[in-house]
Amino acid sequence: MGARSSRGAPTGARSRALGRVTRGTTGVNRLRRGDRWLVHHPDVRRVLQSTPEPLVADVGYGSVPVTTFELAARLRAVAPQTRVVGLEIDPARVVTGGDRVDFAYGGFELAGLHPVLVRAFNVLRQYDESDVPAAWAAMQTGLAPNGLIMDGTCDELGRRCAWILLDKHRPLSLTLAWDPHFVATPSDVAERLPKALIHRNVPGERIFDLLNLADECWARAAGYAPYGPRQRWRAALLAMRDRGVPVHVPRRRLRDCILTVEWAQVAPEVTV
């Protein structure tokens, strides 16, 4: 049995941790777009607010835990009693926590915890595509019965992001999010697709078709450019919906351009 932190989070038996050490690169506010999406997603809000002291796991927070503290602060705007545990498979990166944020040795097995929400950002990107199903399955096994997982990737400054939302049984949706002022076309985000999809952006795959349609609708919405990229993207989303793609068109004003589709719209034609 491994040691435990002051809040009871296992720092664990190292032989049980699943995964391998990643580069650990991170940065202040890098994951802000994903965090903003989480706090407004109705299913995420429901699982957080329906649990007296929701436990959240941040898998692979990197060389410094700044984004774990940021995640905790943002989620507490929705559920003030949220407790966050950052997990790292590199023991040298495990630091002392505080303010209901703990850090422990662990990986995809979640260090024996059963969180209602797991964020694994920029972790699987450094693995092979064939590793994804086993990593998902390990996290799903540890997840609380009504829990959710965010498997995502972003660029170094967090301007281009993509993530898959999963529950305990299956992937649910894909979301692309980008800075309206630093991305020329929706397909520019393709370089940051999650590992499960990044190699599938080729003819014959659903993600390729979706990105091409997004670019086409974006080009056709050029008349909205004087109103800004957010209004132009909203017009493009409506055009995609008119073309038969069941995209989510948010009612509230957003800082980011966001494209969310059900997993069935992008699932690989042939799984690994």
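A salt bridge is defined here as a side-chain nitrogen of Lys or Arg within 4 Å of a carboxyl oxygen of Asp or Glu. The model is predicted, so that local features need pLDDT of at least 70 and side-chain atom pairs count only at pLDDT 80 or more, while totals for chains, interfaces and linings use all residues. Residues are numbered from 1 along each chain as its sequence is written, and side-chain values use heavy atoms, with hydrogens and water left out.

**View 1. Arg-200 forms salt bridges with Glu-129 and with Glu-205.** The N to O distance is 2.8 Å for Arg-200 and Glu-129, and 3.1 Å for Arg-200 and Glu-205. Arg-200 has a relative accessible area of 10% and is buried (under 20% relative accessible area; exposed is over 50%, partly exposed in between; 1.4 Å probe, protein chains only). Glu-129 is also buried, at 15%, as is Glu-205.

**View 2. A salt bridge joins the side chains of Arg-33 and Asp-179.** Nitrogen and oxygen are 3.2 Å apart. The two residues lie 146 residues apart, with Arg-33 in helix 1 (residues 32-40) and Asp-179 in the loop between strand 7 (171-178) and helix 5 (195-198). Helices (H or I, at least four residues) and strands (E, at least two) are DSSP runs, numbered from the N terminus. Arg-33 is buried at 4% relative accessible area, and Asp-179 is buried at 12%.

**View 3. A network of salt bridges links Asp-35, Asp-58, Glu-70, Arg-74 and Arg-119.** The model holds 20 salt bridges by the rule stated above. In general, side chains of opposite charge can pair when their charged atoms come close.

**View 4. Eight strands form an open sheet with mixed pairing, in the order 3-2-1-4-5-6-7-8.** Two strands pair if DSSP finds at least two bridges between them. Strand 3 (101-105) and strand 8 (257-262) are the edge strands; each has a single partner strand, so one side of each lacks a neighbour in the sheet. On average, neighbouring strands are turned by 20° against each other, direction ignored. Axes are lines fitted to C-alpha atoms, for helices over the stretch in contact, and angles run from 0 to 180 degrees between N-to-C directions.

**View 5. Strand 6 (residues 160-166) pairs with strand 7 in the antiparallel sense.** The pairing extends over 7 bridges, and Leu-165 has Ser-173 in strand 7 as its bridge partner. Helix 1 packs on the sheet and touches strand 4, strand 5 (148-154), strand 6, strand 7 and strand 8, where contact means heavy atoms within 4.5 Å. The direction of helix 1 makes about 40° with that of strand 6.
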